[in-house]
Amino acid sequence: MSTGSPAPQPSQSPSPQLPSARLAELGLTLPPVAAPVAAYVPAVRVGDLVHTSGQLPFVDGALPAVGHVGDTAGDGAGSAGDGAAAGAADVTARTATVSPEQARDLARTATVSPEQARDLARTAALNALAAVDALVGLDAVVQVVKIVGFVASAPGFGGQPGVVDGASTLIGEVFGDAGRHARSAVGVAELPLNSPVEIEITVRVADALA
């Protein structure tokens, strides 16, 4: 009869937390998939990859802000003929959502701060995850491959990487190590509906679903 101590049991690593559980811990829920504004679909699967279409930061079907991203309220968002007050219009002071019709009028003078644009990029990334979830289920994602972020930029603005970090940070919070991705942050003159940002993502899904 053995009198020695019981053999130690091998330690077991905790099961990785599912993306849907991390999302809930963050207090976030996936919104309804944004309806396409033209002839395309929100996401397409090719083999074990899912590519989303570019997603705008819609909240309840409207854009929370419109215009170009700039370092100051007057950074080039107004036309040459606008008065000083109109050129200084700043979307960060606007709290209500606007319709596409209102967006066309406001975008002539509106400038979005980099901080607000970063939040909008986070919202657009959440909309992209909703498109992935609707197609294959969020928990089927095993790796986020790439994020492409487009930033409607006022002349002279070079802070696109900081803006797109809003999307990258959300992806890291939801997917952990599987959220480490390649990325492009691109400054553009205009985006659809005068949106300040647009985000698209590519993810790899489990082989069992291929």
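The model is a predicted one, in which local features require pLDDT of at least 70 and side-chain atom pairs count only at pLDDT 80 or more, whereas totals for chains, interfaces and linings use all residues. Residues are numbered from 1 along each chain as its sequence is written, and side-chain values rest on heavy atoms, with hydrogens and water left out.

The chain contains five helices and seven strands, taken as DSSP runs numbered from the N terminus (helices H or I, at least four residues; strands E, at least two), and their order along the sequence is α-β-β-β-α-α-β-α-β-α-β-β. Of its 210 residues, 41% count as buried, that is, under 20% relative accessible area, with exposed meaning over 50% and partly exposed in between (1.4 Å probe, protein chains only).

Helix α4, residues 114–136, has 23 residues and spans 33 Å from its first C-alpha to its last, close to the 33 Å expected, where the expectation is 1.5 Å times one less than the number of residues. G137, which follows α4, has a positive phi near 95 degrees.

Strands β5 (residues 141–152) and β6 (residues 182–188) run parallel and are joined by seven bridges, pairing being assigned if DSSP finds at least two bridges between two strands; within this pair, A152 stands opposite V188 of β6. Together with helix α5 (residues 160–175), β5 and β6 make a right-handed β-α-β unit, the path from the first strand over the helix to the second running clockwise with the strands pointing away from the viewer.

L193 is found in the loop between β6 and β7 (197–205), and it counts as partly exposed because its relative accessibility is 31%.
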